[in-house]
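The following exercises concern the protein shown below.

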Amino acid sequence: MVRHDYYQTDAQLCLTLYAKGQQRESVHVLLDGTKLLVQLTDGSELHFALYAPVLDEVSVNVLSTKVEITLQKATGGKWPALEGRGESAPLPTAAPSAEPSSTAPRPRSKWDALQVEDEAPMGADAELNAFFKKLYADADDDTRRAMVKSFQESNGTALSTNWAEVSQKKTETRAPAGMVAKKYEA
């Protein structure tokens, strides 16, 4: 099945068929009121029961990756869909319309299932995280400044609450016992 898409103005309808390698002389378009038949190079046929009648004026542009068919509408105005009115169903071989709609709901994404929680993560570190949050929240400005400066300068290996000590010198990185601290090289 050939994927298709379309766009329209009040006077024209441009139908795009995504079919590679078509030969201009082998692509045929036949119109009969609201019925459109497109024959492609490989012998396949696409049938469309258009929403409203079109004129016999047809422009076909065959490119390497697609075929563009421009039709002139018999009566002006926008169509709500490419195919079929409410009382007539589209032909069974026609693909569904791919017209984007501003009123359609946003498609679901795997990111919709993601739930972000403000609470501490569950597990062994939950109590420790709660302790540090409370320590920081209850601290005065000098203590908070000391905590931030010591943690950043030590690359997360030290935490001090003594601003008098931390403000005087840089806090060195202290690797845990049995480990060696290495500098990141970009």
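**Exercise 1.** State in which order the elements of the protein run from the N terminus on.

*Solution.* Step 1: helices (H or I, at least four residues) and strands (E, at least two) are DSSP runs, numbered from the N terminus. Step 2: the protein has 3 helices and 7 strands. Step 3: their order from the N terminus is β-β-β-β-β-β-β-α-α-α.

The model is predicted: local features need pLDDT of at least 70, side-chain atom pairs count only at pLDDT 80 or more, and totals for chains, interfaces and linings use all residues. Residues are numbered from 1 along each chain as its sequence is written, and side-chain values use heavy atoms, with hydrogens and water left out.

**Exercise 2.** Describe the open sheet that 4 strands form.

*Solution.* Step 1: strands of a sheet pair through backbone hydrogen bonds, either parallel or antiparallel. Two strands count as paired if DSSP finds at least two bridges between them. Step 2: the strand order in this sheet is 1-2-7-6, with antiparallel pairing. Step 3: strand 1 (3–8) and strand 6 (54–62) are the edge strands, each pairing on one side only. Step 4: from one strand to the next, the twist averages 20 degrees (axes are lines fitted to C-alpha atoms, and angles run from 0 to 180 degrees between N-to-C directions). Step 5: 6 bridges join strand 2 (residues 12–18) to strand 7 (residues 67–73) in the antiparallel sense. Thr16 has Glu68 in strand 7 as its bridge partner.

**Exercise 3.** Determine whether Ser160 is buried or exposed, and name its contacts.

*Solution.* Step 1: Ser160 is placed in the loop between helix 2 (141–153) and helix 3 (163–166). Step 2: buried means under 20% relative accessible area, exposed over 50%, and partly exposed in between (1.4 Å probe, protein chains only). Step 3: Ser160 counts as buried because its relative accessibility is 16%. Step 4: contact means heavy atoms within 4.5 Å. Leaving aside neighbours within four places in sequence, Ser160 is in contact with Thr143, Ala146, Met147, Ser150 and Val166.

**Exercise 4.** Which element gives the most to the nonpolar patch?

*Solution.* Step 1: such a patch joins nonpolar side chains (Val, Leu, Ile, Met, Phe, Trp, Tyr) within 5 Å, from residues with over 30% relative accessible area and no salt bridge (a side-chain nitrogen of Lys or Arg within 4 Å of a carboxyl oxygen of Asp or Glu). Areas come from the Shrake-Rupley method with a 1.4 Å probe. Step 2: Leu128, Phe131, Phe132, Phe151 and Leu159 make a patch of about 470 Å². Step 3: helix 1 (residues 126–138) gives the most, with 3 residues. Step 4: Leu128 lies in helix 1 and is partly exposed, because its relative accessible area is 44%.

Notes
Patches are made of residues with over 30% relative accessible area and no salt bridge: like charges are joined within 9 Å, nonpolar side chains (Val, Leu, Ile, Met, Phe, Trp, Tyr) within 5 Å.
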